[in-house]
Amino acid sequence: MSKTHKIAIVGGDGTGPEVVAEGVKVLKAAGERGNISYEFVEFPLGGENYMKTGDLLTQETLDSLKTMDAIYLGAIGHPDVKPGILEKGILLDLRFSLDQYINLRPVKLYEGVDTPLKDKGPEDIDFVVVRENTEGLYAGAGGVLKKGTLDEVAVQESINTRKGAERCIRYAFEYCQKRNNKKGKKVTLCGKTNVLTFAFDLWERVFYEVAKEYPDIEADYAHVDATCMWMVKNPEWFDVIVTDNMFGDIITDLGAMIQGGMGIAAGGNINPEGVSMFEPIGGSAPKYTGMGIINPIAAIGAGQIMLDTLGETEAASWIEQGIIKVLRDDLKDLAAGKMGFSTSEVGDLIADFVKNSAK
């Protein structure tokens, strides 16, 4: 008897509900083929709910989410809500409250997808960024003195603990062990030891201490500015990159661009011992809401990462193969309105592949 995975559905704002609906369609197809059961529970978090009720993330909702096996998120961000309110009050609150201390971002170029990098192909762009997700500059420490005057002072503090750095670094090494990388296994610490001499002194010391436990994995270091350069010039050098919250936020967007854009980039906010949340990297794209032209592949890819994290690795591979096939053979372009198919038709193509490819 297969386990039933209890999945919270947070469609969110803009085109979020549309792309998550296609992801659910593909998850159901994988479930039908692999005898996997789901219980989907919808949560109306987002801008519309906030404007209607004044609620962001209530304790009651949070308690309910803690009973789930995973959270499947579309997008949070509403044009009528001031930037920062929803992001801090929902997204960051979820990450911190559920201790989702890993942000996992695969950066993989698929066949048939254009990259802006000259002379680079799928064999060159295939690495993963492991970003610390609950500390650093995003912990919210700091304050303002004499706001609005010429003497105003703003302080934003980066909080780094040994526990936070070590569990993130250890996750990166463990993930590297499991990756099927033909180029060899390597974990690169991305930091700024020459300037951030307190925070990254801690990160670097812990990194090389943990690395001793994994003698078969090469331990490497690169400054964040050099990392950005090499991601553009020689992305094939990377296998797994581990870094702090702020640097991770920046380099994963660069990663999304070199793998083909936001329409294909997916990730997970992971608590290996608790409830994790999976989402497409792109925003809510409100101008395309209801038009049926937004690309759902990033959301479908987030569903694939979710299944893999839940232990359904074979079903996750079916979804990835479906994504690869549709990107290679069917879509004309990844941009909204240029795919040659509607949002739901793209979901149908991948769902049909997942269901029928084994026959």
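Domain 1 and domain 2 bury about 940 Å² between them, and 60% of that sits on carbon and sulfur atoms. Buried area here is the accessible area (1.4 Å probe) that two parts lose on being put together, summed over both. On the domain 1 side, Phe 96, Tyr 101 and Ile 102 give up the most area to domain 2, together 63% of what that side buries.

A word on the model: it is predicted, so local features need pLDDT of at least 70 and side-chain atom pairs count only at pLDDT 80 or more, while totals for chains, interfaces and linings use all residues. Residues are numbered from 1 along each chain as its sequence is written, and side-chain values use heavy atoms, with hydrogens and water left out.

Where do the two domains lie? Domain 1 covers 1-102 + 274-358 and domain 2 covers 115-259, with bounds that come from an automatic or database domain assignment. Their centres, taken over C-alpha atoms, are 25 Å apart. The contact (heavy atoms within 4.5 Å) takes 7 residues from domain 1 and 12 residues from domain 2.

As for polar links, the count between domain 1 and domain 2 is 3 residue pairs in polar contact, both residues at pLDDT 80 or more. A polar contact is a pair of N or O atoms within 3.5 Å; within protein, one must be able to donate a hydrogen and the other to accept it, and residues adjacent in sequence count only if both atoms are side-chain atoms. The domains also share 1 salt bridge, meaning a side-chain nitrogen of Lys or Arg within 4 Å of a carboxyl oxygen of Asp or Glu. By that rule the structure's count comes to 18 salt bridges. Here are two salt bridges:

| Salt bridge | N to O distance |
|---|---|
| Asp 99 and Arg 167 | 2.8 Å |
| Glu 236 and Lys 120 | 3.1 Å |

Glu 236 is in the loop between α7 and β10, and Lys 120 in the loop between β4 (102-108) and β5, 116 residues apart. Helices (H or I, at least four residues) and strands (E, at least two) are DSSP runs, numbered from the N terminus.

On to rings: the structure holds 9 aromatic pairs. Rings of Phe, Tyr and Trp (its six-membered ring) pair if their centres lie within 6.5 Å; planes under 30 degrees apart count as stacked, over 60 as edge-to-face and the rest as tilted. Phe 127 and Phe 238 make a tilted pair, 5.7 Å centre to centre with 55 degrees between the planes.
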